Amino acid sequence: MPSRFPGAITQDWDTVVLHKSKPKSQDLRDPKAVNKALRSGAPIQTVKKFDAASNKKASSSALPVVSARKLDEAAEPAALERVPGEVRQAIQRARLEKKMSQAELAKQINEPPKVVQEYENGKAVPNRAVLAKMERVLGVKLRGKIGK
């Protein structure tokens with residue numbers, strides 16, 4: 001049998017006070033709640049937000065206003081490098097010499113047809129892995145021409 005506490009056993013009762021939860025701010029802004037407070041004579045506080053409902057820039061601000069586009073351009077280059085023209089033409093020539101469609105080439109390199117289309121239109125950002133697959137299937141050197 002487990003041993004009990006050797007000292008005197010006393011009960012330690014603390015008082016517990018239950019409070020109602022505070023109303024949420026959204027409930028306080030409800031028009032019904034505002035009208036009820038007005039009828040009962042309770043104090044109501046109205047706060048105007050700074051530059052609320054205005055389409056003006058802050059005229060007297062301590063910090064200069066910088067557009068988001070300028071911040072993005074400062075952090076990273078504005079335009080990504082695209083596939084050069086000679087690589088686009090080399091892909092098209094080699095594909096046509098092998099009498100393949102863009103869809104057939106895409107199937108052989110395990111990429112969606114849109115990828116081949118973007119490479120041939122010059123809209124794709126060069127990816128060395130995709131270019132290596134195209135080199136292997138088409139038998140043309142493509143990666144050496146990307147660097148400037």
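Reader: Which residue just after helix 6 takes a positive phi?

Author: Just after helix 6, the residue with a positive phi, of about 85°, is G122; helices here are DSSP runs of H or I with at least four residues, numbered from the N terminus. This is a predicted model, in which local features need pLDDT of at least 70 and side-chain atom pairs count only at pLDDT 80 or more, while totals for chains, interfaces and linings use all residues. Residues are numbered from 1 along each chain as its sequence is written, and side-chain values use heavy atoms, with hydrogens and water left out.

Reader: How many residues does the largest nonpolar core have, and which have the most contacts inside it?

Author: A nonpolar core is a set of buried Ala, Val, Leu, Ile, Met, Phe, Trp, Tyr and Cys residues joined through side-chain atoms within 4.5 Å. The largest one here has 19 residues, and those with the most contacts inside it are I91, L105, I109, Y119, M134, L138 and L142. Helix 4, helix 5, helix 6 and helix 7 each supply at least two residues of this core, and helix 7 gives the most to it, with five residues. Leaving aside its neighbours within four places in sequence, I91 is in contact with L105, Y119, E120, L131, M134, L138 and L142.

Reader: Is E135 buried or exposed?

Author: E135, which has its place in helix 7, is buried, with a relative accessible area of 13%. Apart from its neighbours within four places in sequence, E135 is in contact with V140, K141, L142 and R143.

Reader: And G144, is that residue buried or exposed?

Author: G144, found in the segment after helix 7, is exposed (over 50%), with a relative accessible area of 54%. The C-alpha atoms of G144 and V87 are separated by 9.4 Å, although these residues are 57 residues apart along the chain.

How values were computed: Buried < 20%, exposed > 50% of the residue type's maximum accessible area, 1.4 Å probe, protein only. Contact = heavy atoms within 4.5 Å.
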